[in-house]
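Dear colleague,

Please find below the structure that I am handing over to you. My notes on what was found in it follow.

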Amino acid sequence: MPATDNRILTHANIALFDIEEGRFVLAIDDLDFDNADGYAAAFCQLIDAAIIEKQMDADLMSWLVDFEGVQFLLKAEHYSASLWLERLGADGDDELTFLNNWLVNQLQTSTS
């Protein structure tokens with residue numbers, strides 16, 4: 001089994017968790033156009049999300065991913081240096097809440 005890419009835990013901070021909007025945002029200071037794909041892949045690996053489809057536009061990377069049986073959009077934008085997961089419909093609040101709580105704990109553990 002390959003080693004887990006820990007760049008999310010060493011470079012990211014939780015910037016926003018908005019359950020009403022269905023969005024979970026990570027701020028990544030060194031995220032840029034060239035490494036956004038790597039950060040997104042590392043995030044998917046960390047949370048064990050399956051990548052369904054990828055799209056890359058000039059300013060925005062958008063992936064359709066499956067986490068725990070719920071589909072989300074995983075987006076990255078180099079202008080805001082952020083990576084975020086957003087729900088597509090009504091489902092996903094429980095999964096986003098779990099991820100927020102779990103990642104807060106993981107990020108605290110990695111910095112101590």
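**Lys 75 and its surroundings**

The side chains of Lys 75 and Glu 86 are joined by a polar contact of 3.5 Å. Please bear in mind that the model is a predicted one. Lys 75 lies in strand E5. Is this lysine buried or exposed? Lys 75 has a relative accessibility of 15%, and therefore counts as buried, since the cut-off for buried is under 20%. Leaving aside residues up to four places away in sequence, Lys 75 touches Leu 60, Met 61, Ser 62, Ser 82, Leu 83, Trp 84 and Glu 86.

**Confidence of the model**

Across the chain the mean pLDDT is 89, and 93% of the residues reach 70 or more. Confidence is lowest in helix H1 (residues 7–11), with a mean of 78. It is highest in strand E4 (residues 61–67), with a mean of 97.

**The strands E3 and E4**

Strand E3 (residues 50–56) and E4 run antiparallel and are joined by six bridges. The two strands form a hairpin, with four residues between them. Within this pairing, Gln 55 of the chain stands opposite Ser 62 in E4. Ser 62 is also one of the residues that Lys 75 touches.

**The nonpolar core**

The largest nonpolar core holds 30 residues, and those touching the most other members are Ile 8, Phe 43, Val 65, Leu 74, Leu 83 and Leu 85. Which elements each supply at least two residues of this core? They are H1, strand E2 (23–28), H2, E4, E5 (70–77), strand E6 (82–87) and helix H3 (93–111). H2 gives the most, with eight residues.

Not counting residues up to four places away in sequence, Val 65 touches Cys 44, Ala 49, Ala 50, Ile 51, Ile 52, Val 70, Gln 71, Phe 72, Leu 74 and Leu 85.

**Helix H2**

Helix H2 covers residues 36–47. At 1.5 Å a residue, its 12 residues should span 16 Å, and the end C-alpha atoms are 17 Å apart, which agrees. The buried residues of H2 are Ala 36, Tyr 39, Ala 40, Ala 42, Phe 43, Cys 44, Leu 46 and Ile 47. In general, an α-helix has 3.6 residues a turn, so residues three or four places apart point the same way. After H2 comes Asp 48, which has a positive phi, near 60°.

Yours sincerely

Terms used: Residues numbered from 1 in each chain as written. Predicted model: local features only at pLDDT ≥ 70, side-chain atom pairs only at ≥ 80, totals over all residues. Heavy atoms only, no water. Expected span 1.5 Å × (residues − 1). Buried < 20%, exposed > 50% of the residue type's maximum accessible area, 1.4 Å probe, protein only. pLDDT = per-residue confidence, 0-100. Core = buried A, V, L, I, M, F, W, Y, C linked by side-chain atoms within 4.5 Å. Contact = heavy atoms within 4.5 Å. Polar contact = N/O pair within 3.5 Å; in protein donor to acceptor, adjacent residues only side chain to side chain. Pairing = 2+ DSSP bridges.
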